[in-house]
Structure formats: structure tokens, C-alpha cells
Amino acid sequence: MRAVVSRALAYGRMIRFSHSVFALPFALVSAALAAGGRVPWRELPWIVVAMVGARSAAMGFNRLADQALDARNPRTSGRELPRGLVSRREVWLFVAASALALVGAAAMLNPLCLALSPVALLVVLGYSYTKRFTSLSHLALGLALAIAPVGAWLAVRGRFGLPPLVLALGVLFWVAGFDTIYACQDVEFDRREALFSLPARLGAGPALAVARGLHVASVVLLATLYVLVPLHPVYLVGVAAVAALLVYEHSLVSADDLSRVDAAFFAVNGWISIGYLAFTLLALRLAG
């Protein structure tokens with residue numbers, strides 16, 4: 001049993017399972033909006049399974065694609081695959097099982113979700129190679145997470161709508177912004193390896209300015225949702241809280257001091273997603 005637990009923890013660390021908190025709350029918000037403020041109990045378990053499956057497949061595949069790069073980067077050389085704590089064969093099996101979980105959950109939801117599940121997999125897996133040819137790879141990561149609210153809406157409604165698309169764009173710019181901040185740690189490595197990122201192309205200072213612009217756009221889009229969906233004004237308080245946390249996030253880093261990037265990336269963004277979920281659910285309840 002101890003060996004099983006240890007193995008499970010190794011996989012959890014490999015895919016950073018705790019980071020599911022970034023996208024999952026936005027999927028839950030979208031599901032609640034699609035259901036008119038109620039809890040969509042029938043769809044909810046399958047939405048969660050699909051989310052976890054998609055993210056686990058994406059992270060596992062990313063580790064496979066970047067194994068050699070991770071081994072050469074001092075910041076990532078201690079990851080499980082470069083250290084040999086897990087084998088490539090094991091990770092491939094893990095990715096396949098996670099992808100099947102996504103497809104199976106989509107099949108349990110509705111035919112449209114099932115039909116679009118291969119497209120979702122193409123996006124979340126394809127992100128891992130974008131850094132090899134475009135500095136807009138941060139937007140590709142944002143797109144991978146932006147699928148979450150759209151997929152959750154489709155799971156409940158079975159058709160597209162404007163609110164989840166606006167929410168998805170908000171998520172896309174939010175993720176692209178904080179991923180740009182995170183990439184500032186690897187400027188020299190990315191340039192040496194001929195990898196593309198905004199910090200490697202522009203330098204840390206200009207890239208951080210771009211990240212601020214992306215986060216402004218994200219806040220505007222989240223605020224726009226208020227005019228599209230019947231929500232209590234407390235929703236705007238939640239958006240203001242998100243904006244305040246983003247300001248704090250940017251105050252933690254500068255081109256000359258990246259020592260607190262982990263705090264900006266992990267802690268603050270976790271509070272943003274959870275806080276946004278809490279305020280939106282409260283706004284739906286008060287509006288109902």
C-alpha cells in the first residue's frame with residue numbers, strides 16, 4: 001500500500017494535480033450559468049472527470065514532449081521523468097488512460113461533447129509543441145484552459161452560447177498573462193535552446209508589460225459577463241477582487257527580481273479562480 005501511495009504521489013507531482021484549481025472553478029461557473037444558477041447534479045460528476053482527464057493527459061504529454069529540455073534546464077531537471085522516477089512507457093499509459101477518461105465522460109454527457117472531445121485533446125496536447133515555433137505559445141496555453149468553460153456549458157446546454165465564449169476569452173487572457181510572467185524565469189535557457197516565448201523575444205521587462213495588458217483585457221471580459229447574464233451586483237465585487245489580486249500578482253515580480261514568481265503563479269492565481277467561483281455562485285444565488 002505504501003508503494004501504491006508513493007507512486008500515486010509521484011504522478012500527482014508530475015502533472016501538478018493541485019493546479020487543476022486554475023481551470024476547474026471556471027468550468028463550474030460556466031456549468032452553473034448554463035443551468036440558470038442551479039447545481040447541474042447529473043452533469044457535474046462527468047464535467048469534473050472530463051476536466052481532470054483532459055488536464056492530466058495534457059500535463060503527462062507535456063512532460064513527455066519536454067523530457068530532454070527539462071533535463072537540461074536547471075529549474076526543471078528535478079522533475080520526475082528526467083530523474084527516472086517514472087518511465088516514458090508509464091507516462092504514455094497514463095496519458096492514454098487520461099484521454100480515454102475525457103472521451104468517456106464526454107460520451108456520458110451528450111453527443112456534441114463526444115464529437116468535440118478529439119478537438120479538445122488536439123488543443124491541450126498540441127500546446128506542448130507551440131513553444132518550438134511561436135512566441136504566442138502563452139496564448140495557446142490560455143486556449144487549452146479556455147476550453148473548460150465552453151465544454152462545461154455544452155455539457156449542460158448541448159449548444160453554444162455567448163456567455164461561455166466571453167468567459168473563455170477572459171480565461172485565455174488571464175492564463176496567457178500569468179504564463180508570460182512564469183516564462184520570465186527561463187529567458188536565457190529559452191534563447192540558448194532556440195525556444196520561443198515572449199520574455200525570450202522581448203526581454204523580461206516588455207514581456208511583463210504585455211502580461212499586464214493581457215490581465216486588463218481579462219478583467220474587462222469578466223466584467224462584460226455581468227451584462228450578458230442575470231447576476232447580482234455582488235458579482236462585480238468579485239471581479240474587482242480578481243483585479244486587485246492581479247495587481248498584487250504583478251507587484252510581486254519585476255524584470256530585476258523574479259524571486260517571487262512562484263508565489264505570483266501558484267498562490268495568487270489559485271485564489272483568483274476559487275474567489276471568482278465563490279463570488280459568481282453567490283451572485284447567482286442572490287439574483288435567483
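These legends describe close-up views of a predicted model.

View 1. Helices α7 (111-130), α9 (162-183) and α12 (204-228) each give two or more residues to the patch. Leu165 sits in helix α9. Its relative accessibility is 40%, so Leu165 counts as partly exposed.

**View 2. The aromatic pair of Phe22 and Trp174.** The whole structure holds 9 aromatic pairs. One of them joins Phe22 and Trp174 in an edge-to-face arrangement. The ring centres lie 6.4 Å apart, with 85° between the planes. Phe22 belongs to the loop between α1 (2-14) and α2 (24-34), while Trp174 belongs to helix α9. The two residues are 152 residues apart, and their pair links distant parts of the chain. Both Phe22 and Trp174 are buried.

**View 3. The aromatic pair of Phe61 and Tyr129.** Here the ring centres of Phe61 and Tyr129 are 5.9 Å apart and the planes meet at 70°, so this pair is edge-to-face. Phe61 is part of helix α3 (residues 44-65) and Tyr129 is part of helix α7, so the pair ties together parts 68 residues apart in sequence. Phe61 has 13% relative accessibility and therefore counts as buried. Tyr129 has a relative accessible area of 38% and is partly exposed.

Note on methods:
Residues numbered from 1 in each chain as written. Predicted model: local features only at pLDDT ≥ 70, side-chain atom pairs only at ≥ 80, totals over all residues. Heavy atoms only, no water. Helix = DSSP H or I, 4+ residues; strand = E, 2+ residues; numbered from the N terminus. Buried < 20%, exposed > 50% of the residue type's maximum accessible area, 1.4 Å probe, protein only. Phe/Tyr/Trp six-rings, centres within 6.5 Å; stacked < 30°, edge-to-face > 60°.
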